[in-house]
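Student: I have a new model open and want to learn how to read it. Can we go through it feature by feature?

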Amino acid sequence: MNKVSMSTLELCSMMLLFLTGSTIVVGLNFTAMESSIWAVTIEIGFGIILFYFYLFVVKKSSWKEFIPLLEMGFGSFFAKIIAFVFSFYFLYIAARVMNDFAFFTTQILYPDAPNWIASVPFLLVVGYCVMLGIEAIARSAVIMTFFSFLILVLLWLLGFFSEEFQAKYLFPLFSHGWKPISTMIFPTGLTFPYGELVVFLVLVPLAANKEKLQKFVWIPIVIAGVIILITMELVIGILHAPFANTYYFPFVKAMELVTYLGIIEHMEIFTYLLLIGGGFIKVSVFIYAARVVLTQLFKVKQKNWHVFILMAAVYLLSLHRSGDIAEHLYVGLKLVPYYLHIPIQFVLPFLLGVVVFWKTRKKAS
């Protein structure tokens with residue numbers, strides 16, 4: 001077992017920023033129009049069930065590290081292959097989140113600037129934090145959670161009490177039946193962001209107080225869901241649901257329209273701070289998890305130069321099918337959920353859970 005450890009507060013703070021960071025800025029989905037509130041509520045319940053299933057698998061294995069857990073479920077040979085799959089998945093999703101940050105920067109703050117201007121410095125800061133270890137990432141998450149919550153509350157108050165917000169846009173609820181709600185939930189709503197918590201299969205064994213973690217780990221999932229829900233209601237109330245999906249960054253556009261006395265305006269800049277904090281934690285978690293998996297797989301000590309290799313891999317993966325933001329979002333919303341998220345977030349953990357449960361039950365009997 002690694003000597004590093006995290007408190008329950010630190011791990012929960014990481015989960016909260018992990019779930020909300022890029023979601024509320026670039027990942028809001030308004031497929032169900034005004035009824036999106038129902039879809040988000042269902043997704044919160046799903047997220048809790050899914051994470052407790054991940055927790056159940058790790059607990060049944062006596063809190064084994066990731067590679068020993070895979071070996072317990074799939075055997076030594078297949079565990080190595082699956083470990084490579086997971087490490088690639090973590091790096092690829094890190095690249096996609098980094099692209100979210102880069103496209104946001106070059107579309108909103110510095111139009112027509114090349115993506116590397118945003119992505120390279122961002123990746124260097126992430127790499128430095130990963131070198132410092134998971135404790136540095138976790139403690140940064142605690143601080144960022146506090147400031148992110150203050151910014152969110154400020155934006156909510158300014159948005160909901162502005163002249164641009166129209167409560168009538170929030171109704172009628174459930175006017176289009178269950179079909180748009182189910183379309184919004186599956187597969188995108190199930191896999192993003194809650195399904196990406198599969199990365200915490202690597203991090204949960206590092207928690208200092210695992211029993212306490214089991215009691216409180218649902219809280220960041222619920223809070224994250226409520227944050228997403230309130231933000232979506234704000235966006236719908238300002239932009240109107242039929243138009244919200246026409247923008248790449250609907251939350252940014254909504255806050256751009258909010259003004260007070262013709263003096264207080266351009267509050268969309270604060271959404272950039274939210275993306276910096278959440279995106280930083282999310283990319284750091286994915287890269288650190290890939291580092292842990294690969295070092296466990298090859299049974300080597302973690303070295304700083306390993307991080308440089310992973311950073312290079314993330315950067316190269318970020319170049320794949322990301323010529324513009326339209327292509328980037330098409331791949332992320334139409335292809336990735338079916339070909340990556342579902343197999344890695346659901347199929348492999350389910351098979352792993354079945355085998356681990358069967359082996360532990362057989363051993364107990």
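Tutor: Start with the ground rules. This is a predicted model, where local features need pLDDT of at least 70, side-chain atom pairs count only at pLDDT 80 or more, and totals for chains, interfaces and linings use all residues. Residues are numbered from 1 along each chain as its sequence is written, and side-chain values use heavy atoms, with hydrogens and water left out.

Student: How many helices and strands does the protein have?

Tutor: Helices (H or I, at least four residues) and strands (E, at least two) are DSSP runs, numbered from the N terminus. Here there are 15 helices and zero strands.

Student: What does the radius of gyration say?

Tutor: The radius is taken over C-alpha atoms, and the globule rule is 2.2 Å times the number of residues to the power 0.38. For 365 residues, a compact globule would come out near 21 Å; this protein has 20 Å, which agrees. Its C-alpha trace spans about 65 × 45 × 35 Å along the principal axes.

Student: Is Phe51 buried or exposed?

Tutor: Buried means under 20% relative accessible area, exposed over 50%, partly exposed in between (1.4 Å probe, protein chains only). Phe51 is at 1%, so it counts as buried. Across the protein, 56% of the 365 residues are buried.

Student: What does Phe51 touch?

Tutor: Contact means heavy atoms within 4.5 Å. Phe51 lies in helix 3 (residues 36-60). Not counting residues up to four places away in sequence, Phe51 touches Met15, Leu197, Phe200, Val204, Val217 and Ile221. The C-alpha atoms of Phe51 and Phe200 are 8.7 Å apart, yet 149 residues separate them along the chain.

Student: How many salt bridges are there?

Tutor: Side chains of opposite charge can pair when their charged atoms come close. The rule asks for a side-chain nitrogen of Lys or Arg within 4 Å of a carboxyl oxygen of Asp or Glu. That gives two salt bridges. One joins Arg139 and Glu10 at 3.8 Å, N to O. Arg139 is in helix 6 (residues 134-160) and Glu10 in helix 1 (residues 8-20), so the pair ties together parts 129 residues apart in sequence. Lys282 and Glu196 form a salt bridge at 2.6 Å, N to O. Lys282 lies in helix 13 and Glu196 in the loop between helix 7 (179-191) and helix 8 (200-203), so this pair ties together parts 86 residues apart in sequence. Both Lys282 and Glu196 are buried.

Student: Which side chain of opposite charge is nearest to Arg291?

Tutor: Glu135, at 8.8 Å. Arg291 is buried yet has no salt bridge. Arg291 lies in helix 13 (residues 269-298). Its contacts beyond four places in sequence include Gln302, Asn304 and Leu310.

Conventions:
Lys and Arg count as positive and Asp and Glu as negative; His and the chain ends are not counted.
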